[in-house]
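Please read the report below alongside the sequence and the 3D view. Each section takes up one part of the fold.

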Amino acid sequence: MNQELMVAAIENGTVIDHIPCNKLFEVISLLGLQAMTSTVMIGYNLASGKMGSKSLIKISDRFFSDEELNRLAVVAPNVNLSIIRNFEVVEKRQVEMPSPIVGVVKCANPKCITNNEPMRTRFDVSEKKEGVIRCHYCGREQLVDTVKLV
Ligand SMILES: [Zn+2]
């Protein structure tokens, strides 16, 4: 049986698929799902040919802004997003990490101007080193896997 069907279909809302299992709880907290009044269904440790195991979240009557999706893309890059209306997928896309990443990640350097002035942070995604982002202002590099969000 198709495991995605084990998590009930939704009439309208958003499906976030191919979430790495070790990122699921971070994604839940990032999107504020615990505070939502609409129906949220979560599939954890589902079998996935591509990833071994994956997680997916279905959220009724909720559509996310680009800013929310940018935050999601930093924590869990390459998840698949489907927009559902009347039980049909009307839009499908892969959430990709933005470059530069603006106003999402905190700089790890306490002396960085972004930690001392009221301004938005800005990080460039390194082309040479995979998973590394670099502060536009102070040059401090961080692994994207371990960043703190603003
Ligand atoms: Zn910095």
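Which residue is the bridge partner of Ile-101 in S7? The partner is Phe-123.

## Basis of the report

This is a predicted model, in which local features need pLDDT of at least 70, side-chain atom pairs count only at pLDDT 80 or more, and totals for chains, interfaces and linings use all residues. Residues are numbered from 1 along each chain as its sequence is written, and side-chain values use heavy atoms, with hydrogens and water left out.

## Two domains

The domain assignment divides the protein into domain 1 (3-94) and domain 2 (101-146); such bounds come from an automatic or database domain assignment. Taken over C-alpha atoms, the centres of domain 1 and domain 2 are 27 Å apart.

Helices (H or I, at least four residues) and strands (E, at least two) are DSSP runs, numbered from the N terminus. Strand S1 covers residues 13-19, and seven of its seven residues are buried, so S1 is largely enclosed by the rest of the structure. Buried means under 20% relative accessible area, exposed means over 50%, and partly exposed lies in between, with a 1.4 Å probe and protein chains only.

Two strands pair if DSSP finds at least two bridges between them. S1 runs antiparallel to strand S3 (residues 52-60), joined by five bridges; Thr-14 has Ile-59 in S3 as its bridge partner. Five bridges also join S1 to strand S4 (residues 80-85), again antiparallel, and here Gly-13 stands opposite Ile-84.

## The nonpolar cores

A nonpolar core is a set of buried Ala, Val, Leu, Ile, Met, Phe, Trp, Tyr and Cys residues joined through side-chain atoms within 4.5 Å. The largest one has 21 residues, of which Ile-16, Val-27, Leu-33, Ile-57 and Phe-64 touch the most other members. S1, helix H2 (24-30), S3, helix H3 (66-75) and S4 each supply at least two residues of this core. A second, separate core of eleven residues includes Ile-101, Val-104, Cys-107 and Val-147.

Contact means heavy atoms within 4.5 Å. Leaving aside neighbours within four places in sequence, Ile-57 is in contact with residues including Thr-14, Ile-16, Leu-24, Val-27 and Met-41. In H3, the buried residues are Leu-69, Leu-72, Ala-73, Val-74 and Val-75. These buried residues of H3 pack against S1, H2, S4, strand S5 (88-94) and S6.

## The four-stranded sheet

S6, S7, S8 and S9 form an open antiparallel sheet in the order S6-S7-S8-S9. Strand S6 (101-102) and strand S9 (141-143) stand at the edges with a single partner strand each, so one side of each has no neighbour in the sheet.

Two bridges pair S6 with S7, while three bridges pair S7 (residues 122-125) with S8 (residues 132-135). S7 and S8 form a hairpin with six residues between them, and Gly-131 in the turn has a positive phi of about 80°.

## The zinc site

Which residues coordinate the zinc ion? They are Cys-107, Cys-112, Cys-135 and Cys-138, each through SG, at 2.3 to 2.4 Å. Donors are N, O and S atoms within 2.8 Å of the metal (3.2 Å for Na, K and Ca); water is not among the atoms, so sites may look incomplete. The donor residues are spaced C-x4-C-x22-C-x2-C in sequence. Cys-112, in the loop between S6 and S7, and Cys-135, in strand S8, link distant parts of the chain, 23 residues apart. Both Cys-112 and Cys-135 are buried.
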